[in-house]
Amino acid sequence: MSENSVNIEVSDLCYCVDSCPLRTSRTPSNPDRRFFGCKVPKENGGCGYFRWIDPKPLIFVHQYLEVESSLMIKCKDGKNLCDQLKQKLKDAEQERDTLCEKLKDSEEKLIRLRQKPKKVKLERECAMLKLNRLVLVLLIVLIVK
């Protein structure tokens, strides 16, 4: 008989001095593992006796390692994704700053362009006044002669 084999022809006795039935686990962490356990649940006054019959299969340890490895890869990928998102945020902030500068420059140009017609109008009126003075001076000169 190997070290892991157990004689299950004779059931265990629990602390209640009652025979324990052989049961099979249906939990995800220990599927199909056999165990002896007290007939009476601990909540109902049972002794809570429990003993695994089957050793934990290596396949589950292997699956655990695969899951752990998979989680580590996802964690690393998540970190890379986080770094990529941080870089995208930084790029977007730089682009925003550039666009804000362009907007400021455009607003200044717009202000200058809005002032230009006023300036041109003033220059035109000034030129008309000069022309009117010249005409007036010429008329005065002609009249005086």
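**Group meeting: strands, helix and a charged patch**

Partly exposed here is the range between the buried limit, under 20%, and the exposed limit, over 50%. Please keep in mind that the model under discussion is a predicted one.

Where does E101 lie? The residue belongs to helix α1, which spans residues 58-144. On the surface, E101 comes together with D105, E107 and E108 to form a patch of negative charge.

Let me now turn to the chain as a whole. The protein chain contains 3 strands and 1 helix. Read from the N terminus, the order of these elements is β-β-β-α. Of the 145 residues in the protein chain, 10% are buried.

Next, the strand pairing. Strand β1 covers residues 22-24 and strand β2 covers residues 34-37; β1 and β2 pair in the antiparallel sense, with 3 bridges between them. Within this pairing, which residue of β2 faces L22? The residue opposite L22 is F36.

Strand β2 is also joined to strand β3, residues 50-52, again through 3 bridges and with the two strands running antiparallel. Here G37 stands opposite F50 of β3.

To summarise, β2 pairs with β1 and is joined to β3, while helix α1 holds E101, one of the residues in the patch of negative charge on the surface. Thank you for your attention.

Terms used
Residues numbered from 1 in each chain as written. Predicted model: local features only at pLDDT ≥ 70, side-chain atom pairs only at ≥ 80, totals over all residues. Heavy atoms only, no water. Patch = residues over 30% accessible without salt bridge, like charges linked within 9 Å, V, L, I, M, F, W, Y side chains within 5 Å. Areas by Shrake-Rupley, 256 points an atom, 1.4 Å probe, with all protein chains shown as cover. Salt bridge = Lys/Arg side-chain N within 4 Å of Asp/Glu carboxyl O. Lys, Arg positive; Asp, Glu negative; His and termini not counted. Charge placed at Lys NZ, Arg CZ, Asp CG, Glu CD. Helix = DSSP H or I, 4+ residues; strand = E, 2+ residues; numbered from the N terminus. Pairing = 2+ DSSP bridges. Buried < 20%, exposed > 50% of the residue type's maximum accessible area, 1.4 Å probe, protein only.
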